[in-house]
Amino acid sequence: LSARRSNRLFGTPAEDVSPALAEEFIAGDEYSADFIIENDQVRVIRVARKIKAGGAPFGTIRAYVLPASLPGSIDPAYFSQALGNAARALGIERAICMLDFFIRDKEIIPIELAPRPGGDCLPFLILKRLNLDMLKLTLDFAERRPLVLPPADDGHPPYIGLRLHAERGGTLKLIDAGRLSRDSRVKEIHLTREPGHVIEMPPADYDSWLLGHIIFAPDGPDLEAECDEISGQVRVEVE
């Protein structure tokens, strides 16, 4: 955190304020949602479930599942009310917002809210699965144009946005996802690093170890096993 003090995301308002907080541990599935709040009304754009990365720093997300059905214990009206309450608690009255949250029993527990659409590989995943361009939607919303939203959950099988993380630090020598081009499940291959890229592992750096993402349509119920299978077909060499 000290090395990132100049970054607005990690900076503190004053030198004498500690950047560390103690928070309650919440056991349960983690989700992410984009929604619109306007005229005191909430419209849900999408809901994704997160798959956490095992053996990685706490909170690292390996993949997103879109669309995600909320447990039957969560009433849709309560869900919309929880989204609106979270936005209004920060003084947000009109915006496209992103909310990360846990579900514990019948309760929505907010983690983080920002007045912007979800980032990472989510815009790519939303475009592929819901045929919705989040950049265009955001610009249309800013210009107060009429918005047509697809169903947040159309009942069809989900797609997965799989993030590719390096397993160790060093200089990237090779990254090759060519074998995935023959996999019928794969809808998009997006590599963001090239040979020569220097990888620093967390906690020194939480950005450079991300190598890109793969969007695919799983064909079985074991989503984590399919993430292993897909990522295993990407050749990565680091020296």
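Here, Ala, Val, Leu, Ile, Met, Phe, Trp, Tyr, Cys and Pro count as nonpolar, Asp, Glu, Lys and Arg as charged, and the others, Gly among them, as polar. With that in hand, the lining of the second largest pocket sorts into twelve nonpolar, four polar and four charged residues. Keep in mind that this is a predicted model. The strand to follow is β6, which covers residues 159-165 and gives the pocket lining its largest share.

**Strand β6 and its neighbours**
- Six of the seven residues in β6 are buried, so the rest of the structure largely encloses this strand.
- On one pairing, β6 meets strand β3 (residues 61-66) in the antiparallel sense, with four bridges between them.
- β6 also runs antiparallel to strand β10 (residues 210-216), and here six bridges do the joining.

- β6 puts in four residues, the largest share of the lining.

**Putting the two together**
- So the strand that is largely enclosed, with six of its seven residues buried, also contributes four residues to the lining of the second largest pocket.

Conventions:
Residues are numbered from 1 along each chain as its sequence is written. This is a predicted model: local features need pLDDT of at least 70, side-chain atom pairs count only at pLDDT 80 or more; totals for chains, interfaces and linings use all residues. Side-chain values use heavy atoms; hydrogens and water are left out. Buried means under 20% relative accessible area, exposed over 50%, partly exposed in between (1.4 Å probe, protein chains only). Helices (H or I, at least four residues) and strands (E, at least two) are DSSP runs, numbered from the N terminus. Two strands pair if DSSP finds at least two bridges between them.
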